[in-house]
Amino acid sequence: MPEQRNDARLPWSSIGRTASLAVLLAAASLAPAAGPFAPALAPAALHAQAAERFEPAPGYTLPPAIVQEFFERDTNHANLDQLGPDGNTFLVPLSTELSSLERLAEPTTRLAELELRLHVSRPWHLDTYGIHGFRFYRFEQREWVDVSLPDGAFASDFMWSPEGDRVAFLLHPHLAPTELWVADVATGAARAVSDAAVNATIGTRSQGQGSRASDMIQWTPEGSLLTLLVPSDRGDEPVRPTVPPAPGVTRTPASAVQTRTLPNLLEDTHDEDLLEYHVTSRIAEITLDGQVRMLGDAGMWTSIALSPDGRHLVATRAHRPFSFLVAWGSFPRRTAVLDRASGQEVALLQEVPLREGGGGPGAGGGAEARRDVQWRPDGAGLAWIARGNGADSADSGDGSDSAEGGDGADGGNGDRIMLAADPADLDAAVTVATSEHSLQRVYYTADAAHAFAPVSSRGRAGLVHFDLGAASPEPAPASPVEGRLVLALEAQDDPLELRGTLHTTRTPNGIDLAMVSSDGASTWITGPGFADDFRPQPFVDRVALADGSLERIFEGSKEFWEQPLVALDPDFERIVVRREGKQVFPDSWLRGADGSWENLTRNPDPFPELTAAERIDFSFTRRDGLEVQARVSLPTNYTPGERVPAVFWTYPREYTTAQGYERAALRSRNHNRFHQVTWLRWSDIWLSQGYAVVDPDIPIVGENYNDTYIANLVDATYAAIRAVDSLGVVDVDRIGHGGHSYGAFTTLNLAAHAPFFRAGIAGHGAYNRTLTPFGFQAERRTLWQAPHTYAAISPFFHAHQVQMPVLMYHGTDDNNTGTWPIQSERMIDALMAQGKDAVLYMYPFESHTPRAIENNLDMWARWLEWFDHYVRDAGRPGSTAADDAG
C-alpha cells in the first residue's frame, strides 16, 4: 500500500462509521478551539466500561506459545563496523537484552546512582545482560572465527592490540570477580591473562558495548596491559553501626541549589565510606604471562590513557567531598599525568570541583581551562586546546574538561593548540597552532601532519584545517601554524542542508584519528543525507584541502537505507556499507572501487513473519495546521479490506516551534529503516496477535510547551485516529493506547482527558509532577514557577476523570530520574479510591527497562489478556466487554 497523507484541519468534524465512533467524535467536539489546557472531553457514560471486570490470574503467567517461541530466537546479526588495526579483521559482538530473575535477584547496592554488585566489583548491568560472546570476521578470507567464552559470562571493554593480532577485554564470570582476558584473532582462543580481580565499578563505560574505546584497558608498546585492579590490601568492608552515631542532618546551602529528582543518592557517612571502599582501585600492569606490577597509589580511578611512547599516563580519579544532593557524575575529579615507571603524579592537568545544582559538567573551569586534553598520536607529547586571550594555559591547573569559549571570529580571540613535549613539564608547552575560531575538538592524522577541528558559531558550523607538516615542538616553531577554514561556517539547523562531519577512525588505545587521502590532498566527511520524503541517502564527500571543494564519492540509494560503516583504504575506494530496507533485513555489504556490491554477512532474519508485515507510513494534519508523521504496521495475518483492532504506542516530545518538530521528524523518521524486533516496550509482537500497531508522533509545541501539553496531546491523538481510520485498516472502535515512561504518563493523561481508547497500558510512569518539582523531560521551569502547569498535566490529580481500564506495571528498582515506584503505587491508590478499573503489576528487581525473561513473558501475557478482553473483543456478540457506547 502506498504512503498516505490525511488532512484533519476541520475541528473535530464527524467522520463516524458506527454509532460508537459517532459518539466518540461528538464527545471530542466538546473540546474548545483554543486554550492552554483541554478539559475532560466527555462524561463518564461515553467511556465504555467492561460489563464484567477482568480478574488477573495469580502467580507468573505465560503468553501464547508463538510469543514464548519468539523469546527463544537469536536476534543477533553481524554489523561490520569494528575493524581492527590489521585492516582485515572485524570484531562482531553477540548480545542479549534479556536476563533472568535469578541473575537480577543477586545482591545489588545502589550508591550515588551507581548500581553495583559489590561481591564481584562491577556494575549490575555487566552481571545481568549485554555481550555474552563475540566473533571475528576475516575480510580477505571471507571467513568467521568463533570465540568461546565461559557459560553465563558477559564481556565488555574490547581493545585491539597494536598489531591487531589480539583483542583484550574484560570477562565478567557469573558469581566470580571480573578478569582481564585476551582472544587470539587467528584461532579465536581466549584466556585469562591473570586471575587478579579487576575493579570495574566505575572505569568501564556503560555496558562496554559498541565501538567506543575502553577507559580502563590500555596496551603498552611492549605488549603488556594496563588496567584497574581491586586493591589486595583494602581490608574489610565498612560495617554500618547498629546504633547510628548521629541523626541525619540536611542543611540548606548559603545559596539556592536545585537538582533533578535523582534516585539512589548517598544518605549518610556510612554510604560515603562504603562507596569509597568499593570503587577504589589500583592501576596495574599485567604481562601476557600473568605477571602483575602495581603502579602508584590506590584511588577512585575512572580512566587511564597511555602515551604512544608508553612512558606516561593521563589518569582521572574522583575524590571527596561527596554529596547527598547529586549523583556520582557530579563528584570532584582530578586529572593528572602519571609516570608509568613509578606510578607517581608528575603534573596536574585539571581539577573539577564538586558540582551541586546549576553549572553543569565542568562548572568552575574559567578562561584558562585546558580543553580536549589528549595524546598526540605521533608520540610528540601531550596536546590540548587553550584560549587565545589568556596567559599561557600551562599555568592553569584547575580547568574544566568541557569549557568552551566564544567564537573568535565573532568578537573573541580564538584558540590555540598547545603541545607539551615533556608531559611532566607543562610550563614548557608551546603553541603549535592558532585559530581565530573557538575549537570544539582537535583530530590529528596518525602522523600528526594534519589536524582538523570542528568549529561552530551562532548556529553555523565549519571545519578548520591545520597543516602541521613536519613541525616539531623541539625547537619551538618560529611561528605557530594558522588554521584555515576548509569548510566555511554555514547554518546547519536545517536537516536537509546538513553538510556532514569529519570522518574519523581510532588507534588501538582509543585516540581518535582524522583520515586523509593517500596523496595527502583531501579529507573526508560523512553525512546522513536526510530527505523530505523520509528516505535518507547517507553520503561520503571528499574535501580538497587546497580550496575546500567537495566531491561526492558515495551516496546511498532511495530504495534502501545504506550507511557507510568503514573505509578499507585511505581513498575510500572500498567501503563497507550497512544496507537495510523497510522489509529488508540489515546486512553489511562491500561497495567495491568499480561500484560493485557484495553481501559480506548474509544475516538470517530471525522473525521473517514479522518482517513481512505491511507497514504504511502516512501523515496527518493537526487542527493547528501542523503536519505530523506516523506509521501503522498491520498484523501478520492481515486480510486486505479488513479493519483490525490496534495499539497506539506513543511518546510525546517537546519543541518550542512547529519548525522544530518538522526538522526533528526529518531526522527521526526513516521509511527505509528496518524495524528491529525487541522484547522491550514498543514491539512488533502485537502483530502476531492480530493487532495493528500505530506509531504517531505527538509533538508538544510552544515556548513553554507543557502549557499546551494536554491540548496538543489530545489534538494530535484525535487527528491520528482520523487519519488511520481513513486508511481503512483499523477499527477505531477497538483501539487501545500504551506507553512506557513518558509514554505511560501519556496513557494516563489520555485516560483522563480523551474518550478515544477502550483500554490503556502504562509502564514505569511519573504521574504526579509535584514529585519532580525541579523539572522533568524538557520542562525548564520549577514547580514554584509553573504550579498550574505541573498540576494540570499530572494525571494523579485527575484520577476521578479516568474512565478506561488501565493496566500499569513498574519495576521495584526503577533507577530512572523521576519514575520511582512510588509514582505507580500512589496512582493505583488514587484510581482505587475513585472506583476505577485498573491493575498494577510490580516486577521484582527490575530497573527502568524490564530484563528478566520471566517478567517479560508475564508482562506480555498480561498485556495481551488485558487488551483481548477490553479492546479486541469489545462489542462482539457474546463477549464479556461492554457493547459500543451510545
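**View 1. Glu113 sits in the loop between β3 and β4.** Strands here are DSSP E runs of at least two residues and helices are H or I runs of at least four, both numbered from the N terminus. This is a predicted model, in which local features need pLDDT of at least 70 and side-chain atom pairs count only at pLDDT 80 or more, while totals for chains, interfaces and linings use all residues. Residues are numbered from 1 along each chain as its sequence is written, and side-chain values use heavy atoms, with hydrogens and water left out. Glu113 isn't a glycine, yet its phi is positive, at about 70°. With 31% relative accessibility, Glu113 is partly exposed (buried is under 20% relative accessible area, exposed is over 50%, partly exposed is in between; 1.4 Å probe, protein chains only).

**View 2. Ala112 lies in the loop between β3 (109-111) and β4 (114-117).** Here's another non-glycine residue with a positive phi, near 55° for Ala112. Most residues other than glycine have a negative phi. Ala112 is buried, and its relative accessible area is 0%.

**View 3. A cis peptide bond links Arg320 to Pro321.** Omega for this bond is near 10°. Most peptide bonds are trans. Look for Pro321 in the loop between β16 (312-318) and β17 (333-339).

**View 4. Helix α8 is largely enclosed by the rest of the structure, because twelve of its twelve residues are buried.** The helix takes in residues 742-753 and reaches 16 Å from its first C-alpha to its last, close to the expected 16 Å (that span is 1.5 Å times one less than the number of residues). Among the buried residues are Tyr742, Phe745, Asn749 and His753.

**View 5. His671 sits in the loop between α6 (658-668) and β42 (692-696).** His671 is buried, with 4% relative accessible area. Trp561 is 110 residues from His671 in sequence, but their C-alpha atoms are 8.7 Å apart in space.
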